[in-house]
Amino acid sequence: MDSVIDRAFAAALYGDGDDGLDTGASLLAAAPDTDVDLRRRGEEYLHRAWRHGWQPADVIRLVRRDLDDPHVRLVADLIRGETARYAHLPPRWPAQLADLGPHGEAARDRDRFTRATVHLQLYRLLLRLPPIEPAGPPPGDTVPGPVQGEPRALTRIRALLAKAEATGYPEEAEALTAKAQELMARHSLDEALLAARTHAKDVPTACRIGVDAPYETAKAILLDAVAAANHCRAVWSEAYGFSTVVGFDSDLESVELLHTSLLVQGTAAMTGAEAGQRAAGRKRTKTFRQAFLMAYAHRIGGRLAEAGEHAVREAAAEAGGESREAASLLPVLAARDVAVTDHTERMFPETTTTRVRGVTDAEGWHHGTAAADRAHVTPRDRRGGPALP
């Protein structure tokens, strides 16, 4: 004989209307002894999602986009409980769990019917998550290596970019981001040469970076440009609100830091330009912002590509008269680029290009291009690598 949980789930989880949800919630509300089993079922759905390639940040992102705050609090609580059972977690998971925020009661102040409805709406979403390409192992599949802290270079880069984002003085922001670029390029090159010299089994991996609405096309283009400039590849999954970035670990860290900083700085520049437009009596905010961010992403991509090519030419010129290690720079970078491309094609054997909708706001495009031109992308480090704005 079916349990109350089974009958409630059969009514609520396999249809699109509210009638089934109401029926299921009524069954659960009338059966207080189902609470423990209800939570266990939610953790089972999460376990299934991990096995299908999803990660905590991916699930949170979708729930936040498609449902409401009570569902976000509930799924965060379930994620904490489900992941606590593992002796170890994949490398990027602890940071994702830390971003869940403080512990909080999930709809404890609501009546039983409302709480049951929140559970069933969330479980309906979790149940329908399709398998996606994994960006790393699920929890419990691999034994972690020695625990290491963040490299000192990345800690310094993170601090410099944070200061660049916070300052209100463009000249200071330029100096801070230029210094961050020097450290970033040096860190990336040192990691590549070290792996080649020690014959380390360094292979490309992947991470996911959220690409949230609004103006997600422009944000995805910006991320693609940053990834390419850092010897990585980005594949945008528009339906799920993220891009998968493929590359070597040290370069993935650079992509995450640089993309976040560029987005923060671009948004700040857009807000300032928009304020000036409003002061002049302008009202078309949405079209201005869309054009601004598209122009910003387009121009930043071009400047980063130019800077990267310039840096590699200078590194090759230096290698002509220096040590054997320096002379091995270009073959090492070329081999890593091939490895990243091969790994991306194995992960995503079928990809399509996205048509960018027309931009109709000339003022927005002009201001976005100007903001990108003010970004500092001239290479400051002669050892190769992309430049920061």
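# Exercises on Salt Bridges and Buried Residues

The side chains of Glu43 and Arg85 are joined by a salt bridge, with 2.9 Å from N to O. The term denotes a side-chain nitrogen of Lys or Arg within 4 Å of a carboxyl oxygen of Asp or Glu. The model is predicted: local features need pLDDT of at least 70, side-chain atom pairs count only at pLDDT 80 or more, and totals for chains, interfaces and linings use all residues. Residues are numbered from 1 along each chain as its sequence is written, and side-chain values use heavy atoms, with hydrogens and water left out.

**Exercise 1.** Determine which parts the pair Glu43 and Arg85 ties together.

*Solution.* Helices (H or I, at least four residues) are DSSP runs, numbered from the N terminus. Step 2: Glu43 counts as buried, at 11% relative accessibility. Buried means under 20% relative accessible area, exposed over 50%, and partly exposed in between (1.4 Å probe, protein chains only).

**Exercise 2.** Describe the salt bridge between Arg40 and Asp37 and its setting.

*Solution.* Step 1: the closest N and O atoms of Arg40 and Asp37 are 2.2 Å apart. Step 2: both residues belong to helix 3, three residues apart, which is about one turn of the helix. Step 3: an α-helix has 3.6 residues a turn, so residues three or four places apart point the same way. Step 4: Arg40 is partly exposed, its relative accessible area being 38%.

**Exercise 3.** Characterise the pair Arg61 and Asp58.

*Solution.* Step 1: a salt bridge of 3.4 Å, N to O, links the two side chains. Step 2: Arg61 and Asp58 are three residues apart in helix 4 (residues 56–66), hence separated by about one helical turn. Step 3: both Arg61 and Asp58 are buried.

**Exercise 4.** State which residues of helix 1 are buried, and where they pack.

*Solution.* Step 1: in helix 1 (residues 4–12), the buried residues are Ile5, Ala8, Phe9 and Ala12. Step 2: because they cover an arc of only 95° around the axis, they are on the same side of helix 1; the arc is that of the directions from the helix axis to the C-beta atoms. Step 3: these buried residues pack against helix 2 (18–29), helix 3 (35–51) and helix 7 (112–127), where contact means heavy atoms within 4.5 Å.

Note on methods: Helices (H or I, at least four residues) and strands (E, at least two) are DSSP runs, numbered from the N terminus.
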